[in-house]
Amino acid sequence: MKTLIIYNTASGATKEYADWIGDALKANVVAEKDVDSSMISTYQTLIFGSCVQGGKLKIASWVTSHWKQVKDKKIIVYSVSGADPTETSVMRKYFDESFSKEMQKHMTMFSLHGRISFKNFPMIVRLIVKFVRKVSKNPDVQKFTTEFDDVKKEYIAPIISAAKK
Ligand SMILES: Cc1cc2nc3c(=O)[nH]c(=O)nc-3n(C[C@H](O)[C@H](O)[C@H](O)COP(=O)(O)O)c2cc1C
């Protein structure tokens with residue numbers, strides 16, 4: 001089965017997962033912004049990887065606008081979020097905000113943990129984040145302004161199994 005992995009990343013975690021999946025499946029990997037939709041017809045399996053921003057998968061609009069072209073293929077979607085994937089109701093909400101119920105019927109969905117890192121942000125942004133974290137009592141603000149890195153190769157195992165089925 002010829003597989004293409006299409007990813008949308010903001011800070012790199014989703015691409016890292018895409019490259020690991022690509023290596024494991026010997027599949028091609030491409031950024032959403034570089035996809036030439038005429039290439040899609042040659043693949044039987046599509047894996048969409050997306051970072052979560054503002055409670056949605058960033059790749060959702062591309063998938064929705066190309067739905068007619070992709071819907072009859074085997075489709076796997078993985079999200080990469082700051083929220084912990086064990087929070088299943090939160091993960092459910094991200095997918096529901098991104099794709100219709102009808103679209104989800106054609107997808108196998110996975111949620112992977114990402115990272116929060118401000119090291120590549122300009123100094124002024126880092127200072128604002130530090131300030132907001134200090135003054136805010138909102139647990140979500142605390143959660144998304146505290147740095148962590150939980151991007152691990154082992155997390156791709158269920159995706160590899162699903163793709164090989
Ligand atoms: C502007 C912005 C908004 C975000 N919104 C959310 C969110 O709503 N829910 C969440 O779980 N994580 C959120 N995150 C955290 C990202 O999902 C996390 O950093 C993830 O690793 C991003 O993947 P990437 O490195 O491929 O961009 C947000 C991050 C940024 C920078």
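Predicted model: local features only at pLDDT ≥ 70, side-chain atom pairs only at ≥ 80, totals over all residues.
From here, we can look at the nonpolar core, then the ligand, and finally a residue in a loop.

**The nonpolar core**
- The largest nonpolar core has 32 residues, and Ile21 is among those that touch the most other members, together with Tyr17 and Tyr78.
- At least two residues of this core come from each of the strands S1 (3–8), S3, S5 and S6 (107–113), and from each of the helices H1, H2 (60–65), H4 (88–98) and H8 (157–164).
- H1 supplies the largest share of this core, with 6 residues.

**Around the ligand**
- The ligand has 19 residues around it, and those that come nearest are Ala13, Thr14, Cys51, Gly82 and Gly114.
- Helix H1 (13–25) and the strands S3 (45–53), S5 (74–81) and S7 (115–116) each contribute at least two residues to this shell.
- S3 gives the most to the shell, with 3 residues.
- Sorted by class, the shell holds 10 polar, 8 nonpolar and 1 charged residues.

- Lysine 26 sits in the loop that lies between H1 and strand S2 (28–31).
- Most residues other than glycine have a negative phi.
- Lysine 26, although not a glycine, has a positive phi of about 50°.
- Lysine 26 counts as exposed because it has 8 other C-beta atoms within 10 Å, and a residue is exposed at 12 or fewer.

Notes
Residues numbered from 1 in each chain as written. Near = placed C-beta within 6 Å. Helix = DSSP H or I, 4+ residues; strand = E, 2+ residues; numbered from the N terminus. Nonpolar A, V, L, I, M, F, W, Y, C, P; charged D, E, K, R; others polar. Core = buried A, V, L, I, M, F, W, Y, C linked by C-beta atoms within 7 Å. Buried ≥ 20, exposed ≤ 12 C-beta atoms within 10 Å, placed from the backbone.
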